[in-house]
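Visitor: I have a structure here and would like to go through a few spots in it. Can we start once it is on screen?

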Amino acid sequence: MTEVASHADFTAIRYAQCWEDADILLDGLAIRPGDTCVGIGSAGDNCLAMLTRDPARVVAVDLNPAQLACIALRVAAYRSLDHPGLLRLIGSRLGDDRADLYQRCRPLLSDDERRFWDAHPAQIQTGIGAAGRFERYFSTFRNRVLPLIHSPSTVAALLEPRDRAGRQAFYEQRWDTWRWRLLFRLFFSRFVMGRSGRDPAFFRYVEGSVADRLRARSCHAVTELDPLANPYLHWIFLGTHRQALPLALQAEHFDTIRTRLERFEWRLGTVEDACDALGAGSVDRFNLSDIFEYMAPPAYQAALERLLSAGRPGGRLLYWNMLVPRSRPEALAGRLISHAALGTQLLARDKAFFYSAVVVEELQ
C-alpha cells in the first residue's frame with residue numbers, strides 16, 4: 001500500500017460501505033476459531049463480519065483516518081444501539097432519528113473521532129453508509145442517470161423474484177436497451193469514475209475499457225445471480241438495502257458481532273507496517289480487498305513478501321482483482337499455493353459484481 005499512499009488522496013471518506021462481498025470473503029478465507037486476522041479497514045463492515053467466524057483477534061488497517069472514523073462509529077453503534085437503530089444510522093432503513101442515534105454513540109468515540117463526525121452532521125442525517133465518495137458516485141447515477149434509462153417501475157421490476165430463465169428474459173427484453181448500453185459506457189468510463197468515484201491514482205495500471213468489463217459483470221449479477229438477494233444492487237438502484245443486507249448488518253449476526261468487539265481493533269497505516277508490528281508468524285488470515293491492483297508488479301511482490309513474513313504456515317490470503325490482474329508471482333511459488341479453482345467458484349457467486357477475479361492463496 002505504500003506506493004498508492006504517495007499518489008491517492010486519503011483525507012476524506014472514500015468508501016462509506018465495504019463493496020466486497022463478505023460471504024465470498026469468509027468462504028474463501030475459511031477462518032478458524034482462534035485465528036488472528038488482518039484486514040483492510042475500509043468502512044469496517046467486512047472486518048466486523050470476520051468476527052462471526054470466532055477468531056481470537058481481528059486487526060483492521062487503513063491509510064485514511066476518515067475510514068477509521070467510519071469504523072469507530074460502526075463499533076460504537078453495535079455497542080450503543082439495537083439492530084434496527086444500527087440499520088437506520090447506516091441508511092439501510094429509513095429513519096428520521098439519525099442525529100439522536102449518533103448522540104447515543106458519540107460518548108464511545110475518541111476526541112478525534114467525535115471532531116470528525118461532529119463536523120459532518122449532514123452525512124449523519126442522510127445515513128453514514130452514504131457518506132463516501134464512492135456512494136455519492138452511485139447516488140449521482142441513481143438520481144440523474146438511471147431515470148434517463150429506465151422508469152422507476154422497470155427498476156422495481158428488476159428486483160422482483162424470478163428464476164434464471166426469467167431473469168435472462170427480463171434483461172434481454174426490458175433492461176439491456178441502447179440507452180442502458182450508451183449511458184453505462186459513459187458513466188462508468190475511466191474518466192468519469194476517476195473524476196467522481198474512485199481516485200484517478202487507482203487506475204494507474206488499468207488497461208482496456210473499464211465500462212465494457214463492468215457491464216459484462218453487471219449482466220452476470222442480474223441474470224446468473226438473484227438481484228432480489230443482492231445488497232449492492234439494492235443500494236446502487238434504491239439508495240437503501242431494503243431486505244437484502246450485507247452479512248455484518250444481518251440480524252442473525254448482530255449479537256455475535258457485538259459480543260466479540262473486544263477482539264476487534266483498528267490501526268492507521270499500511271497493512272504491511274501493521275503486519276511488521278504484529279511480528280513474524282503471527283497472522284492466519286489476510287483480507288486484502290483489491291489493494292494490489294494499485295501497485296506496479298515489483299511493488300506488489302515486495303508488499304506480498306512482507307505479508308508472508310507475518311503469516312503462519314497454512315494461513316490464507318484473499319484479495320480481489322477489479323481491473324488489473326494480480327496473483328502470486330512465480331518467484332513466490334515456493335511460498336504460496338494458489339487456490340485458483342476456489343477463486344473461480346467464488347467469483348461466480350460474488351454479489352459485488354465489479355470484480356474480475358477472486359484470488360485465494362495459502363502459505364506453505
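Visitor: Leaving aside its neighbours within four places in sequence, what is W117 in contact with?
Guide: This is a predicted model. In it, W117 is in contact with I13, A69, C70, L73, Y102, L109, I124 and I128, once neighbours within four places in sequence are set aside.

Visitor: Which residues touch the most other members of the largest nonpolar core?
Guide: W117 and F354 do, in a core of 93 residues.

Visitor: And which helix gives the most to this core?
Guide: Helix α4, residues 65-80, with eleven residues. Another core lies apart from the largest one. That other core has 26 residues, among them L288, Y300, L307 and L336.

Visitor: Why would nonpolar side chains be buried together?
Guide: In soluble globular proteins, they tend to be.

Visitor: OK, the surface now. Which residues form a nonpolar patch there?
Guide: W178, L182 and L186 form one, with about 340 Å² of accessible area together.

Visitor: Where does L186 lie?
Guide: In helix α12, which covers residues 178-187.

Visitor: Why does L186 count as partly exposed?
Guide: Because its relative accessibility is 48%, and exposed would need over 50%.

Visitor: New topic: R133. Where is its place?
Guide: R133 is in helix α9, residues 133-149. R133 is partly exposed, because its relative accessible area is 22% and buried means under 20%.

Visitor: How far apart are R133 and A16?
Guide: In sequence, 117 residues; in space, 7.9 Å from C-alpha to C-alpha.

Terms used. Residues are numbered from 1 along each chain as its sequence is written. This is a predicted model: local features need pLDDT of at least 70, side-chain atom pairs count only at pLDDT 80 or more; totals for chains, interfaces and linings use all residues. Side-chain values use heavy atoms; hydrogens and water are left out. Patches are made of residues with over 30% relative accessible area and no salt bridge: like charges are joined within 9 Å, nonpolar side chains (Val, Leu, Ile, Met, Phe, Trp, Tyr) within 5 Å. Accessible areas come from the Shrake-Rupley method with a 1.4 Å probe; for residues, only the protein chains shown count as cover. A salt bridge is a side-chain nitrogen of Lys or Arg within 4 Å of a carboxyl oxygen of Asp or Glu. Helices (H or I, at least four residues) and strands (E, at least two) are DSSP runs, numbered from the N terminus. Buried means under 20% relative accessible area, exposed over 50%, partly exposed in between (1.4 Å probe, protein chains only). A nonpolar core is a set of buried Ala, Val, Leu, Ile, Met, Phe, Trp, Tyr and Cys residues joined through side-chain atoms within 4.5 Å. Contact means heavy atoms within 4.5 Å.
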